[in-house]
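Have the coordinates open as you read.

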Amino acid sequence: MVKEVFLQLHLLFNSLKISLNTLEAFIKETNAELSKPVKEGDLKALIQVMGYLKKVKERQVTTDNMFEPLKQTIELLKTYDVDMPEEVHTQLHDLPEQWNNTKKISVICKHAVSPLQ
């Protein structure tokens, strides 16, 4: 029984870290790509930017709603004395703001590239 509980806690912790790390990587990559200028006639760059705009739109609802369950997961893990690395707390604190910034960048980018379509 103890072994199963430990295994479940380990899986929950890994899932939490994967969610945070995946989002952090997505934000960094997306912000970098959406910050690149798209010149008129550069179809390749336009298609690439449109792809990132689509990715932001596709994950918006899921990402907007993921932070509270992640906080609840951390609280649950704390009840079982699972220590959270400082990195997890930092990510959970910083990522919601970074995600909101990514959404703002995508809106600005969308308006900038819409005449080029």
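Glu33 pairs with Lys36 in a salt bridge, and their closest N and O atoms are 3.1 Å apart. The model is predicted. Glu33 counts as buried because its relative accessibility is 14%, under the 20% cut-off. Lys36 has a relative accessible area of 46%, so this residue is partly exposed.

The structure holds 5 salt bridges in total. Side chains of opposite charge can pair when their charged atoms come close. Take Asp64 and Lys103. Their salt bridge brings the closest N and O atoms to 2.8 Å. This pair links distant parts of the chain: Asp64 sits in helix α2 (residues 43-64), Lys103 in helix α4, and 39 residues separate them. Asp64 is partly exposed, at a relative accessible area of 33%. Lys103 counts as buried, at 17% relative accessibility.

Another salt bridge joins Glu87 to Lys17, with 3.7 Å between the closest N and O atoms. Here too, distant parts of the chain are linked: Glu87 belongs to helix α4 and Lys17 to helix α1, 70 residues apart. Both ends are partly exposed. Glu87 has 41% relative accessibility. Lys17 has 22%.

Now the helices. How far apart are the end C-alpha atoms of α2? They are 31 Å apart. At 1.5 Å a residue, its 22 residues should span 32 Å, so the two values agree. Still, α2 has a kink of about 35°, centred on Glu58. Its buried residues are Ala45, Leu46, Val49, Tyr52, Leu53, Val56 and Thr63. An α-helix has 3.6 residues a turn, so residues three or four places apart point the same way. The buried residues of α2 pack against α1, α3 and α4.

Helix α4 passes the same kind of check. Its 28 residues should span 40 Å at 1.5 Å a residue, and its end C-alpha atoms are 39 Å apart, which agrees. Where is α4 kinked? The kink, about 35°, lies at Leu95, shortly before the proline Pro96. The buried residues of α4 include Val88, Gln91, Leu92, Leu95 and Trp99. Further along the list come Thr102, Lys103, Ile105, Ser106, Cys109 and Val113. What covers these buried residues includes α1, α2 and α3.

Glu24 lies in helix α1 (residues 2-34). Leaving aside residues up to four places away in sequence, Glu24 touches Gln91 and Leu95. Glu24 and Asp94 are 70 residues apart in sequence, yet their C-alpha atoms are 9.5 Å apart in space.

Last comes the surface. Which residues form a nonpolar patch there? Met1, Val5, Leu76 and Tyr80 do, with about 430 Å² of accessible area together. Tyr80 is placed in the loop between α3 (67-79) and α4 (86-113). Tyr80 is partly exposed, because its relative accessible area is 47% and exposed begins over 50%.

Conventions:
Residues are numbered from 1 along each chain as its sequence is written. This is a predicted model: local features need pLDDT of at least 70, side-chain atom pairs count only at pLDDT 80 or more; totals for chains, interfaces and linings use all residues. Side-chain values use heavy atoms; hydrogens and water are left out. Helices (H or I, at least four residues) and strands (E, at least two) are DSSP runs, numbered from the N terminus. Contact means heavy atoms within 4.5 Å. Patches are made of residues with over 30% relative accessible area and no salt bridge: like charges are joined within 9 Å, nonpolar side chains (Val, Leu, Ile, Met, Phe, Trp, Tyr) within 5 Å. Accessible areas come from the Shrake-Rupley method with a 1.4 Å probe; for residues, only the protein chains shown count as cover. A salt bridge is a side-chain nitrogen of Lys or Arg within 4 Å of a carboxyl oxygen of Asp or Glu. Buried means under 20% relative accessible area, exposed over 50%, partly exposed in between (1.4 Å probe, protein chains only). The expected span of a helix is 1.5 Å times one less than its number of residues. The bend at a residue is the angle between axes fitted to the seven residues ending there and the seven starting there.
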